[in-house]
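Please look over the sequence and the structure before reading on.

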Amino acid sequence: MKVGLVLSGGGARGIAHLGVIKALREMDIPFHHIAGTSAGAITGALFSQGFSPDESLKIIESSSFVRHLRPAWNRMGLLRLDTVADLYKKYIPHDSFEGLQIPLHVLAVDLNEGEQVVFEKGELIRPVLASCCLPGIFEPMLINKRQYVDGGVLNNLPVEIIESKVDFLIGSHCNILGPRKPIRSMRGVIERSLVLAVQSKTKDRFARCNILIEPPQLAQYSTTDLSKSRELFRIGYQYTKSLAADIEHYFVANS
């Protein structure tokens, strides 16, 4: 039985995907295809390359991601993500989908055509970064003269890009809505509004997963809480472990 894993976007909360993956691997669940967008594309790429969840967490913690960002002088965004490509080439030097140990499928959005685009062949790192280009924050990524932005704009849980390739689908969703402290900043208003907009387009995809993992504690964290990476990892891991009996039962029943 072929198993597919779908990883949502969610900024820093995407680190929880690594904890989810660690728990699932401890249950001896294999992955034959991985699909991801935004933060899910980054975590999916590291794991597909062969790094363990713990190794991937250390890479994220030590990579000084923020220090590699540069201002976007043309004003299509505040920051440029293309300057981060060399950072990831340290860890994925072959820079190709074909060089990965597990087939990876990355979703981004063609800004001009207004359509979803799946990257799964050829150059790897820039498409992964394109999938993370949140509009207004990051300048669109230019690939083959086309401008790409965050895949979550149109599809934050891209189940459809691998569901025909697998027999069993597991979704890890970290873009959680829930009660939070009152919002008192412009950034908070923008962030909450984006989460609401993305969430409204994602609900119909939940039912297409055989198993959906959505740790409710993530609602208490911001998409920019990179300094809390260990906590986010732990939440993903512990929540998935708490579901172990149900997941293993469901998995066996459908195998």
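Is D95 buried or exposed? D95 is buried, with a relative accessible area of 15%, where buried means under 20% relative accessible area and exposed over 50%, with partly exposed in between (1.4 Å probe, protein chains only). The structure is a predicted model, in which local features need pLDDT of at least 70 and side-chain atom pairs count only at pLDDT 80 or more, while totals for chains, interfaces and linings use all residues. Residues are numbered from 1 along each chain as its sequence is written, and side-chain values use heavy atoms, with hydrogens and water left out.

**Overall picture and confidence**

- The protein has nine helices and 10 strands; helices (H or I, at least four residues) and strands (E, at least two) are DSSP runs, numbered from the N terminus.
- Of the 255 residues in the protein, 53% are buried.
- The mean pLDDT (the predictor's confidence in each residue, from 0 to 100) is 87, and 85% of the residues reach 70 or more.
- Confidence is highest in strand β1 (residues 3–7), at a mean of 98, and lowest in strand β3 (residues 70–71), at 40.
- Over residues 66–73, pLDDT stays under 50. Where pLDDT is low, the predicted coordinates should not be read in detail.
- Among contacts (heavy atoms within 4.5 Å) between residues at least 6 apart in sequence, 73% join residues at least 24 apart.

**Helix α1 and its partner α8**

- Eight of the 11 residues of α1 are buried, so this helix is largely enclosed by the rest of the structure. The buried residues are A16, H17, L18, G19, V20, I21, A23 and L24.
- Helix α1 (residues 16–26) packs with helix α8 (residues 229–242) at an angle of about 35 degrees, and their axes are 6 Å apart. Axes are lines fitted to C-alpha atoms, for helices over the stretch in contact, and angles run from 0 to 180 degrees between N-to-C directions.
- On the α1 side, the residues that meet α8 include L18, K22 and E26; on the α8 side, they include F233, Y237 and K241.
- After α1 comes D28, which has a positive phi near 65 degrees.

**Nonpolar cores**

- A nonpolar core is a set of buried Ala, Val, Leu, Ile, Met, Phe, Trp, Tyr and Cys residues joined through side-chain atoms within 4.5 Å. The largest one has 64 residues, and those with the most contacts inside it are L24, I29, F31 and I170.
- Helix α1 gives the most to this core, with six residues.
- Leaving aside neighbours within four places in sequence, L24 is in contact with L5, I29, F31, I170, I213, T240 and I247.
- A second, separate core has 10 residues, including V6, V159, I161 and V166.

**Individual residues**

- D95 lies in the loop between α4 (85–89) and β5 (104–110). D95 is not a glycine, yet its phi is positive, at about 50 degrees.
- Most residues other than glycine have a negative phi, and most peptide bonds are trans.
- S38, in the loop between β2 (33–37) and α2, also has a positive phi, near 55 degrees. S38 counts as buried, at 8% relative accessibility.
- Q49 belongs to helix α2 (residues 39–49) and is buried, with a relative accessible area of 15%. Beyond its neighbours within four places in sequence, Q49 is in contact with Y91, I92, H94, G99, L100 and Q101.
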